[in-house]
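Work through the exercises below with the sequence and the 3D view open. Each task is followed by its solution in steps.

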Amino acid sequence: GTTLMVCLALANHETMPALGQLRWAFAAGVCGGVALALFYRALSHGNMGLAAPVSAVLGAALPVAFAMLTEGLPKALPIAGFLVALLGIWLISRSEGGQRPEGLALALISGFGFALFYIFIKQAGNGSALWIAAGSRAASLVATGLITLLGRKFSPTYRLGFGIALLTGCIDVTGTFLFVHASQLGRLDTAVILSSLYPALTVILARIFLGEHFTRWKTVGMIAALVAVPMIAAG
């Protein structure tokens with residue numbers, strides 16, 4: 001992902017952002033990388049029904065609150081859309097197995113880390129989105145690499161997994177680039193909430209490719225997500 005963004009930035013002759021902007025990008029990458037590692041750790045406790053929605057909602061709600069404090073309140077309709085979207089994120093992300101609340105602390109910390117990622121990316125300013133995405137991903141690579149080395153977590157490894165990981169990294173960093181650009185063009189809260197609705201697409205793709213069925217609450221969550229988008233866009 002880092003290599004892709006650097007190559008695109010060089011190919012488009014993008015101007016390197018100021019050091020202060022890159023520092024925010026590096027900070028965002030570290031927070032995002034550590035948060036992702038903690039999130040996976042929380043999932044390893046076998047309680048996705050708790051970890052996923054708590055992390056997702058906290059990661060979206062805190063940047064929204066920050067944006068409202070720093071950029072002012074949006075109109076009433078987008079605010080209602082934010083609330084509907086947060087409800088949708090929660091319903092789509094939760095499972096219905098009724099597991100015990102193990103890994104709650106890790107889920108809370110990872111959600112806080114994701115929130116800092118969004119906030120720090122916004123603080124990086126209006127420099128080249130490609131370079132900001134590259135800097136963020138490079139810092140994330142260093143952070144997660146250190147975690148892997150210190151934890152000596154080198155397995156499982158298989159060739160297909162590496163190939164899928166490379167493709168996933170390119171797709172994921174493209175999403176980061178688009179989020180950076182979106183946050184530069186508009187409000188942080190709008191960019192965060194709309195990008196946080198990705199679990200709805202994940203559920204749809206799981207239905208198409210994996211044959212998974214929608215539960216009642218996931219269906220309600222996806223309807224809430226669809227309703228929230230035009231409400232937020234109306235602002």
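**Exercise 1: overall size**

Task: decide why the radius of gyration (taken over C-alpha atoms; the globule rule is 2.2 Å times the number of residues to the power 0.38) agrees with that of a compact globule.

Solution. The model is predicted, with local features needing pLDDT of at least 70 and side-chain atom pairs pLDDT 80 or more, while totals for chains, interfaces and linings use all residues. Residues are numbered from 1 along each chain as its sequence is written, and side-chain values use heavy atoms, without hydrogens and water. Step one: for 235 residues the rule expects a radius near 18 Å. Step two: the protein has 18 Å, so the two agree. Along the principal axes, the C-alpha trace spans about 50 × 50 × 35 Å.

**Exercise 2: secondary structure**

Task: state how many helices and strands the protein has.

Solution. Count DSSP runs from the N terminus, taking H or I of at least four residues as helices and E of at least two as strands. This gives 10 helices and zero strands.

**Exercise 3: the sides of α1**

Task: find which residues of helix α1 (residues 2-11) are buried.

Solution. Apply the cut-offs: buried is under 20% relative accessible area, exposed over 50%, partly exposed in between (1.4 Å probe, protein chains only). Thr 2, Met 5 and Ala 9 come out as buried. They cover an arc of only 70 degrees around the axis, so they lie on the same side of α1; the arc uses directions from the helix axis to the C-beta atoms. An α-helix has 3.6 residues a turn, so residues three or four places apart point the same way. The face turned away from the buried side carries the exposed Thr 3, Leu 10 and Ala 11. The buried residues of α1 pack against α6 (129-151) and α7 (159-185), contact meaning heavy atoms within 4.5 Å.
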